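I open this notebook to record what I looked up in the structure shown below. The entries follow the order of my reading.

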Amino acid sequence: EIFHAKRSFLEKIEGIGPARATAISQFNDFARIEEEIRFIEKYSVQPLFITDPAYPRRLLNCTDAPVMLFYKGSADLNAERMLAVIGSRSHTEYARQVTEKLIAELAPAGVCIVSGLAYGVDALAHKAALKHQLPTVGVLGHGLNQVYPAEHSGLARDMLQQGGGLLTEFQSQTIPDKHNFPIRNRVVAGMCDAVLVVETGIKGGSMITAELAGN
């Protein structure tokens, strides 16, 4: 009914306006939508609309919360304690020790560890969480049809097998373009109670995430 509605009718709906009404009325790529539905069903992906009870409720405090998320895994995205652990891709030995020590000490509290599945501190955080039987969620800057970097495919598999998850707002077949990762970072920040930056450069992506968390 929405796609068959007249543009003049859609324009009058609060929050739609002329631009969105035009986009809706001109949309015709239903084949791509059917393809996405088949992917979701084949790989047991859970689509989370913004009103879904399983949608990360902390994200609702963000003015630009994604309307739709795609989730694979069993970790509770609304766990009592959610902590993002992030940092430099080229970490030092200090960062490795600190990340492992902090997560070990947090283990008794049952914290869910969130990061971006990237090289460096992200991977350290996910691995430390697995070591201490904590659920850990990787937030991706691409579709669930792949893991980036590919070297972390085994880590992603272990996360899923040990009660963790993979979360993204991007449809399948979305490639890991550079501009997707700052977009991803706001989800990392918004779905957690706190963001821990272990180590980073002054202009690192982790600083973007920290700034988003501060807002």
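Entry 1: I began with Tyr148, which counts as partly exposed at 40% relative accessibility. I note that the model is a predicted one. Phe181, by contrast, is buried, with a relative accessible area of 14%, because buried means under 20%. I then looked up the rings of these two residues: Tyr148 and Phe181 form a tilted aromatic pair, 6.0 Å centre to centre with 40° between the planes. The pair links distant parts of the chain, 33 residues apart. Tyr148 sits in the loop between strand 5 and helix 6 (153-161), and Phe181 belongs to helix 7.

**Entry 2: other aromatic rings.** I found 5 aromatic pairs in the structure. One of them joins Phe27 and Phe30 edge-to-face, at 5.1 Å centre to centre and 85° between the planes. Phe27 is partly exposed at 31% relative accessibility, and Phe30 is partly exposed at 39%. I also recorded that Phe3, Phe27 and Phe30 form one aromatic cluster.

**Entry 3: cysteines.** How many disulfides does a search of the whole structure find? The search finds 0. Cys62 is in no disulfide, and the nearest cysteine sulfur, that of Cys192, is 11 Å away. Cys62 is partly exposed, with a relative accessible area of 26%. For Cys112, the closest cysteine sulfur is in Cys192 at 7.4 Å, which is too far for a bond, because a disulfide requires sulfur atoms within 2.5 Å. Cys112 counts as buried, at 1% relative accessibility.

**Entry 4: strand pairing.** I next followed strand 2 (residues 68-73). Strand 2 runs antiparallel to strand 1 (residues 46-49), and 4 bridges join the two. In this pairing, Gln46 stands opposite Tyr71 of strand 2. Strand 2 is also joined by 4 bridges to strand 6 (residues 165-168), again antiparallel. Here Lys72 stands opposite Leu166 of strand 6.

**Entry 5: nonpolar cores.** Which residues of the largest nonpolar core touch the most other members? I listed Val114, Val137, Leu167 and Met191, in a core of 21 residues. At least two residues of this core come from each of strand 2, strand 3 (82-86), strand 4 (112-115), strand 5 (136-139) and helix 7 (180-190). Strand 3 gives the largest share, 3 residues. Another core, of 14 residues, lies apart from it and includes Leu144, Val147, Leu155 and Ala156.

**Entry 6: contacts of Val114.** Leaving aside residues up to four places away in sequence, I found that Val114 touches Met82, Leu83, Ala84, Val85, Val137, Val139, Val188, Met191 and Cys192.

Note on methods
Residues numbered from 1 in each chain as written. Predicted model: local features only at pLDDT ≥ 70, side-chain atom pairs only at ≥ 80, totals over all residues. Heavy atoms only, no water. Buried < 20%, exposed > 50% of the residue type's maximum accessible area, 1.4 Å probe, protein only. Pairing = 2+ DSSP bridges. Core = buried A, V, L, I, M, F, W, Y, C linked by side-chain atoms within 4.5 Å. Contact = heavy atoms within 4.5 Å. Phe/Tyr/Trp six-rings, centres within 6.5 Å; stacked < 30°, edge-to-face > 60°.
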